[in-house]
Amino acid sequence: MSADTLPRPSPSPRAARVVTQARFEAGILLRNGEQVLVALVLPALALVALVAAPYPELNDPRIAVVAPGVLALAIVSTAFTGQAIQTAFDRRYGVLRMLATTPVGTDGLLLGKALAITVVALLQVVLLGTLALALGWRPDPVGLLGVPVSTLLGVWVFVALALLLAGSLRAEGVLAVANLVWVLLAGAGGLLLPHDTLGPAGAFVRWLPSGALGDAFREPLATGDIPVVPWLLLVGWGLVLSLGVVRTFRWRD
């Protein structure tokens with residue numbers, strides 16, 4: 001049999017390639033000890049500490065305010081901080097350029113990342129939500145239906161922000177900036193605590209993607225209402241940041 005008549009392997013379907021890439025990306029996230037610390041351990045410690053601490057003054061029960069904010073913080077930890085740092089160093093060492101030449105392609109690589117982050121973020125919400133329930137949290141049952149929507153929007157916005165940062169700065173700069181932004185958003189970005197607890201700055205913070213994400217969790221889980229304004233803000237931020245990524249992202253240093 002000649003070489004011309006030998007059967008040639010056909011490439012896997014596009015969906016299968018994306019799912020395989022997503023499985024690979026999710027495995028990296030879950031095996032990374034530093035990522036697990038930032039994405040799960042620190043939000044869990046923040047939940048316990050804010051529930052037990054008398055300061056700042058919050059409406060009773062405190063956990064009704066704190067728990068949704070911790071869920072929002074966990075999403076930012078995975079979708080923004082972890083991805084910004086990982087992507088920046090992958091770009092520096094040529095990993096992104098190499099993966100872009102594989103059958104998965106650049107768009108498949110990004111889709112796989114987004115799918116992996118979404119799965120990990122939903123897992124975080126379940127685990128931290130279970131811990132909050134054990135501490136006495138009683139969310140509105142109807143409001144739970146909005147959690148997947150808020151999670152998906154949060155992943156979109158903060159992955160786009162991560163790629164915007166990772167695709168335009170050097171890896172060392174991304175490492176410093178991403179961690180600094182995480183601290184600022186956690187402390188004064190409307191994630192852990194509502195914007196109305198931040199004084200005069202709260203009127204500005206509520207329009208930030210972090211403030212919108214925090215409100216997108218707090219409103220439905222406290223009252224069962226649909227968080228229309230926070231969702232619209234997240235969609236707007238997602239479109240703007242995605243456009244920025246398309247125009248500025250570099251696949252190599």
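Biologist: How many salt bridges does the structure hold?

Modeller: Two. This is a predicted model, so the values are computed from it.

Biologist: Which side chain does Arg92 meet in a salt bridge?

Modeller: Glu172, with N to O at 2.1 Å. The pair links distant parts of the chain, with Arg92 in helix 3 (residues 62-92) and Glu172 in helix 7 (residues 171-188), 80 residues apart.

Biologist: Are Arg218 and Asp215 buried or exposed?

Modeller: Both are buried.

Biologist: Changing topic. How many residues are in the largest nonpolar core?

Modeller: It has 66 residues. Those with the most contacts inside this core are Phe158, Leu192, Leu213 and Phe217.

Biologist: Which helix gives the most to this core?

Modeller: Helix 3, with 16 residues. Other elements that give two or more residues include helix 1 (14-31), helix 5 (105-134), helix 6 (147-166) and helix 10 (228-248).

Biologist: Back to Phe217. What does Phe217 touch, not counting residues up to four places away in sequence?

Modeller: Pro68, Leu71, Ala72, Ile75, Val147, Ser150 and Thr151.

Biologist: Now the outside. Which residues form a nonpolar patch on the surface?

Modeller: Val36, Leu37, Val41, Leu42 and Leu45 do, and together they have about 370 Å² of accessible area.

Biologist: Where is Val36 found?

Modeller: In helix 2 (residues 33-52). Val36 counts as partly exposed, because its relative accessibility is 30%.

Biologist: One more. Which helix is the place of Leu180?

Modeller: Helix 7. Leu180 counts as exposed, because its relative accessibility is 52%.

Biologist: How far apart are the C-alpha atoms of Leu180 and Thr81?

Modeller: They are separated by 9.4 Å, although Leu180 and Thr81 are 99 residues apart along the chain.

Notes:
Residues numbered from 1 in each chain as written. Predicted model: local features only at pLDDT ≥ 70, side-chain atom pairs only at ≥ 80, totals over all residues. Heavy atoms only, no water. Patch = residues over 30% accessible without salt bridge, like charges linked within 9 Å, V, L, I, M, F, W, Y side chains within 5 Å. Areas by Shrake-Rupley, 256 points an atom, 1.4 Å probe, with all protein chains shown as cover. Salt bridge = Lys/Arg side-chain N within 4 Å of Asp/Glu carboxyl O. Helix = DSSP H or I, 4+ residues; strand = E, 2+ residues; numbered from the N terminus. Buried < 20%, exposed > 50% of the residue type's maximum accessible area, 1.4 Å probe, protein only. Core = buried A, V, L, I, M, F, W, Y, C linked by side-chain atoms within 4.5 Å. Contact = heavy atoms within 4.5 Å.
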